[in-house]
Amino acid sequence: MKIYKYLFQTFFIAAALLLSSCDEETHEFGDIISPSNIQVTAEIVGQDTSDLNFEFGDGSGFVNFNFSADNALSYKINYGDGTAVEVAPSGEITKRYTTTGTNTYTVILSAVGTGGVTSTTSIIVTVFCSFEDSDAADFLSGSTVGETKTWYWAANEAGHVGLGPVEDDYGNGEFSYPAWWGTIGAWDEEKYCMYSAEFVFTRTEESVTFEQTVGPSWIPGTYAPTLGVDGDTCYDETDVTDMFGVKNVYFAPSSSKAGTEGSYNEVDYRGTEITIADGGTLGWFVGSSTYDIISITDDKLIVRIIEVGGSNAWYQTFTSTKPTEGETVFESAFNDLVWSDEFDIDGAPNTENWIYDIGTGTNGWGNNEEQTYTNNAENVSVADGILTITAKADGNGGYTSTRLKSQGLQEFTYGRIEARAKLPSGQGTWPAFWILGSNITDVSWPACGEIDIMEQTGADKNSTIGAFHWLDESSSSTASHSDNKEIENASSEFHLYTLEWSEDEIIVLVDNEHVVTLTNSDNLPFNADFFIVLNIAMGGTLGGEIDSNFTEDTYEIDYVRVYQ
């Protein structure tokens, strides 16, 4: 490695001094001395002029600058790449250039003397940077030059802003809300003023640009004094002009520990950081403009930014789908997986988890259903990680299907019970994912209680139903509470059907969106063990009229999981 020193005598001195007097008063400022004899050392990391591969560095983009000058109190440096001017009181600073390829920059150094007087010089630095993350750029803005993408605060998610440590990755190396020192809730009342913000990234020939086009930015009280404004409120471009406008975005390898060590949803951190030039921020000012990309997808961006001074780190979440004001994302209280069937062994369903109901509707499940339940492979099988239940016309005017249940094998009280499934499309099919009280053999139905996590009528294939059934002892009759939710592509795509069940409240959800809620109590049967049921019925109360041309249809289940 070679270090090239550039020695410059000051060729430009700029001094500005404004003296004013009032009522004959005399003000003494001391001696005003301009810095002189400026010397600049620029070390391009990895540079070796004897090897053409390293003539302009090792590709990291790092340059170590050292400055000195007679009578200088501090130094300011403009790197020539559009990023913010930095102050280096010690005369030493390291810069990482992030534009991919070999690029030449004019670096301007100002030595600051007493009274703010400055002396300025410049040097030329040519640096090679090999880092790029084109996928991250595509996610941020799109892949076509001129394409734009707008991001919003994920205000509907609790923990869309969290505060954590700088050096430790919140202690356990796993990214999990809200395991930091503190987070804010969905649609936080104090921060509400910032939720109208829109952040637009635009793809350019060279990289990406950024602009906050709508809404103000949040200025916490801790950092507000550096801007000369009051804190813990929002400000727009009329108050903090420098934070707004079109700004370049630079990509680089993550330089912080938590940007490179740890994972989110079992995926390692991306290892990429972005810097928004000229003091730009993603709507929350902490004195820095460099963000680690923790995770990025087409619809979600999670970043980490270390505040000025390096004491704390902030974790922030954005979405490219504008949240509906007031709506929130479901967060389960149950996160320990206690049982699941992933259907990863081909053949018949696992006998440690499932048994069968066998026979016709007259055997006890009623509802005027027309199918006969079997355990035949043509009606139920596991292959390629999917459990498939098939309803078939038997050729004699009847139908066969399968009803699986975990009765006596896997039973649960409280928790999150969920299945990822794709539903049949045929008219007259009645698929269901539900649970029944394990004491059904002692007290019968409806006293045992029933919760329908998902059932779908035979006529409406664009919605699903969540329902609760129990015995109203005061009237000795069946009591029910239900609602339905529209769902697109239920028969062509997999969706998540969930039950969130506690002693206080029971919630049915589709794709983590609310369907129906029941307040639980000691007077209801929903405080004891229940077992799981999966089936397709044909016709009957909810199946309705069966298509006269029906031959067969399938109900596919990717997994069933229980968390407590």
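## Basis of the model

Because the model is predicted, local features need pLDDT of at least 70 and side-chain atom pairs count only at pLDDT 80 or more, whereas totals for chains, interfaces and linings use all residues. Residues are numbered from 1 along each chain as its sequence is written, and side-chain values use heavy atoms, with hydrogens and water left out.

## Overall form

The secondary structure of the protein comes to four helices and 43 strands, where helices (H or I, at least four residues) and strands (E, at least two) are DSSP runs numbered from the N terminus. Along its principal axes the C-alpha trace spans about 105 × 65 × 40 Å. The radius of gyration is 33 Å, while a compact globule of 564 residues would have a value near 24 Å; this radius is taken over C-alpha atoms, and the globule rule is 2.2 Å times the number of residues to the power 0.38.

Of the 564 residues, 49% are buried, a class that means under 20% relative accessible area, with exposed meaning over 50% and partly exposed lying in between (1.4 Å probe, protein chains only). The accessible surface comes to about 26100 Å², and carbon and sulfur atoms account for 45% of this area, as computed by the Shrake-Rupley method with a 1.4 Å probe, for which only the protein chains shown count as cover for residues. Among contacts (heavy atoms within 4.5 Å) between residues at least 6 apart in sequence, 66% join residues at least 24 apart.

## Tyr 356 and its surroundings

Tyr 356 lies in strand E26, which covers residues 355-357, and is partly exposed, with a relative accessible area of 25%. When residues up to four places away in sequence are not counted, Tyr 356 touches Ala 348, Pro 349, Thr 374, Asn 375, Val 380, Thr 402, Arg 403, Leu 404 and Lys 405. Ile 507, by contrast, is 151 residues from Tyr 356 in sequence and 27 Å from it in space, C-alpha to C-alpha.

Strand E40 (residues 505-510) runs antiparallel to strand E41 (residues 513-519), and six bridges join them; two strands pair if DSSP finds at least two bridges between them. Leu 509 has His 514 in E41 as its bridge partner. The two strands form a hairpin with two residues between them, and in the turn Asp 511 has a positive phi of about 50°.

## Salt bridges

The count comes to 17 salt bridges, each defined as a side-chain nitrogen of Lys or Arg within 4 Å of a carboxyl oxygen of Asp or Glu. Asp 357 and Lys 405 meet in one of them at 2.8 Å, N to O. This pair links distant parts of the chain, with Asp 357 in strand E26 and Lys 405 in strand E32 (residues 403-405), 48 residues apart. Asp 357 is buried at 10% relative accessible area, and Lys 405 is buried at 12%.

Asp 558 forms a salt bridge with Arg 420, the closest N and O atoms being 2.8 Å apart. Here Asp 558 belongs to strand E43 (residues 552-563) and Arg 420 to strand E34 (residues 415-422), so that distant parts of the chain, 138 residues apart, are linked. Asp 558 counts as buried at 19% relative accessibility, whereas Arg 420 is partly exposed at 30%. Glu 190 is partly exposed at 47% relative accessibility, while Lys 191 is buried at 8%.
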